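Let's take a walk through this protein together, one region at a time. Keep the 3D view open and follow along.

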Amino acid sequence: MLRSSAWKLCRVGQKSLQRQLEACSVTTRAAVFVGADYPSTGRGFAANSHDVFGQHRDEKGNTISTPFDFTDANYDAVADILLRYPSNYKQSACIPLLDLAQQQNNGHLTLAAMRRVAMLLDMPEIRVYEVATFYTMFNRSPVGRYHVMVCGTTPCQIQGSDGIYEAISNHLGLHYGQTSPDGLFTLSEMECMGACVNAPMIAIADYSNGVEGYSYKYFEDLTPADAVEIVKRYKDGEKPEMGSRYRSKAEPAGAVMNGKWTPAQKTMPTLTEAPPGPFCRDLGEMPAPEQPKA
Ligand code: FES
């Protein structure tokens with residue numbers, strides 16, 4: 001039993017590594033596949049695959065002289081955010097301000113946007129760059145209007161995230177790290193998004209309507225068909241409801257198995273009744289270990 005689980009984990013790891021290597025080789029020459037406005041030369045497969053490794057490289061629309069400033073409405077939002085922190089700790093507003101800048105800038109956190117945040121918070125620019133490069137939710141490369149992120153960590157992989165990736169990838173014609181030529185979709189892999197109990201899952205960030213229309217939604221308990229249907233609905237301009245496709249929260253109603261939702265069987269343990277076992281050994285009944293002969 002243990003052996004077969006270990007083998008399964010090993011296979012999952014091998015597949016993931018293989019896919020990452022594929023994505024790496026694809027993304028380094030991805031400029032030919034994506035629209036000219038979505039440059040990708042030099043991209044590698046970092047933790048968030050659309051992003052470049054921790055280094056800024058000048059690209060069209062992202063140089064030190066590219067202008068960025070918050071809109072008047074967003075300066076009001078900046079003021080509200082700063083009110084949350086004591087004035088001598090306003091650097092604590094770094095993440096919310098970077099997030100606001102990214103939303104305003106169609107999901108792309110440019111060098112100029114990071115510098116603007118550093119200036120507003122009286123921080124050394126390098127401190128802001130450090131934050132932006134650490135968190136994978138910050139996109140230092142352009143993304144499409146809809147940023148589709150597939151969770152690729154072990155619980156989601158065991159529950160079928162490979163199938164989710166393949167279905168979305170085939171539907172959109174994209175590999176990890178690529179953006180569709182019409183600029184609508186970027187496909188990325190994300191590490192655990194914290195909803196493993198409802199695995200497999202994806203998240204979609206919607207940058208199609210600025211800060212007001214921004215959303216970041218988790219879609220859980222997905223079959224490959226569910227994932228494609230959600231992507232289609234975004235393409236049609238709809239706002240699909242987030243959460244699990246098959247249960248209201250994380251109650252033991254079933255699970256996605258082999259690409260299908262499978263309702264809980266009587267033999268499946270629940271939290272509302274005594275577990276069926278097997279239980280731990282009664283150590284009191286264990287024979288005493290043999291003592292080595294003198
Ligand atoms: S592994 Fe996918 S949400 Fe945790």
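## The parallel pair β1 and β3

In this predicted model, β1 and β3 run parallel and are joined by six bridges. One place to look is C151, which stands opposite M190 in β3.

How covered is β3? Six of its six residues are buried. The cover extends to both faces: F185, L187 and E189 are buried on one side, and T186, S188 and M190 are buried on the other.

## The hairpin of β2 and β3

β3 also pairs with β2, this time in the antiparallel sense and over two bridges. Within this pairing, Q178 has L187 of β3 as its bridge partner. Five residues lie between the two strands of the hairpin, and G183 takes a positive phi near 75° there.

β4 is mostly covered, with four of its five residues buried.

Moving on from β4, you come to strand β5, residues 215-220; the two strands run antiparallel and are joined by five bridges. A205 has Y216 in β5 as its bridge partner. β5 is in turn joined to β6 by two bridges, and this pair runs parallel. F219 stands opposite G243 in β6.

## The whole sheet and its helix

Which order do the strands follow? The sheet is an open one of six strands, ordered β2-β3-β1-β4-β5-β6, with mixed pairing. Its edge strands are β2 (178-179) and β6 (243-244), each pairing on one side only. Helix α7 packs on this sheet, where it touches β1, β3 and β4, and its direction makes about 155° with that of β1.

In soluble globular proteins, nonpolar side chains tend to be buried together. In this model, the largest nonpolar core has 30 residues, and V148, V150, I164, I168, M201, I202 and A227 are those with the most contacts inside it. At least two residues of this core come from each of β1 (146-151), α7 (161-172), β3 (185-190), β4 (202-206) and α9 (224-235). Apart from it lies another core, of 15 residues, which includes A93, A113, V117 and F138.

Which residues does M201 contact, beyond its neighbours within four places in sequence? They are C151, C156, M193, A195, Y218, F219, E220 and L222.

## T154 in α6

T154 has its place in helix α6, residues 154-158.

T154 and C196 are 42 residues apart along the chain, and their C-alpha atoms are separated by 9.1 Å.

## Helices α3 and α5

Two packed helices are described by the angle between their axes and the distance between the axes. For helix α3 (residues 94-104) and helix α5 (residues 125-134), the axes come within 11 Å and cross at roughly 70°. That makes α3 roughly perpendicular to α5, because angles of 65 to 115 degrees count as such. Where do they meet? C94, I95 and L98 in α3 meet V128, V131 and A132 in α5.

## The protein overall, and confidence

Stepping back, the protein has nine helices and eight strands. It has 294 residues, of which 33% count as buried. Among its contacts between residues at least 6 apart in sequence, 61% join residues at least 24 apart.

The mean pLDDT is 84, and 81% of the residues reach 70 or more. Two stretches call for care when you read the model: pLDDT stays under 50 over residues 1-13, which have five contacts beyond four places in sequence. Over residues 20-49 the pLDDT is also below 50, and in the model this stretch has 55 contacts beyond near neighbours in sequence.

Definitions and conventions
Residues are numbered from 1 along each chain as its sequence is written. This is a predicted model: local features need pLDDT of at least 70, side-chain atom pairs count only at pLDDT 80 or more; totals for chains, interfaces and linings use all residues. A residue is buried if 20 or more other C-beta atoms lie within 10 Å of its own, exposed if 12 or fewer, and partly exposed in between; C-beta atoms are placed from the backbone. Two residues are in contact if their C-beta atoms, placed from the backbone, lie within 7 Å. A nonpolar core is a set of buried Ala, Val, Leu, Ile, Met, Phe, Trp, Tyr and Cys residues joined through C-beta atoms within 7 Å. Two strands pair if DSSP finds at least two bridges between them. Axes are lines fitted to C-alpha atoms, for helices over the stretch in contact, and angles run from 0 to 180 degrees between N-to-C directions. pLDDT is the predictor's confidence in each residue, from 0 to 100. Angles under 35 degrees count as roughly parallel, over 145 as roughly antiparallel, 65 to 115 as roughly perpendicular and the rest as oblique.
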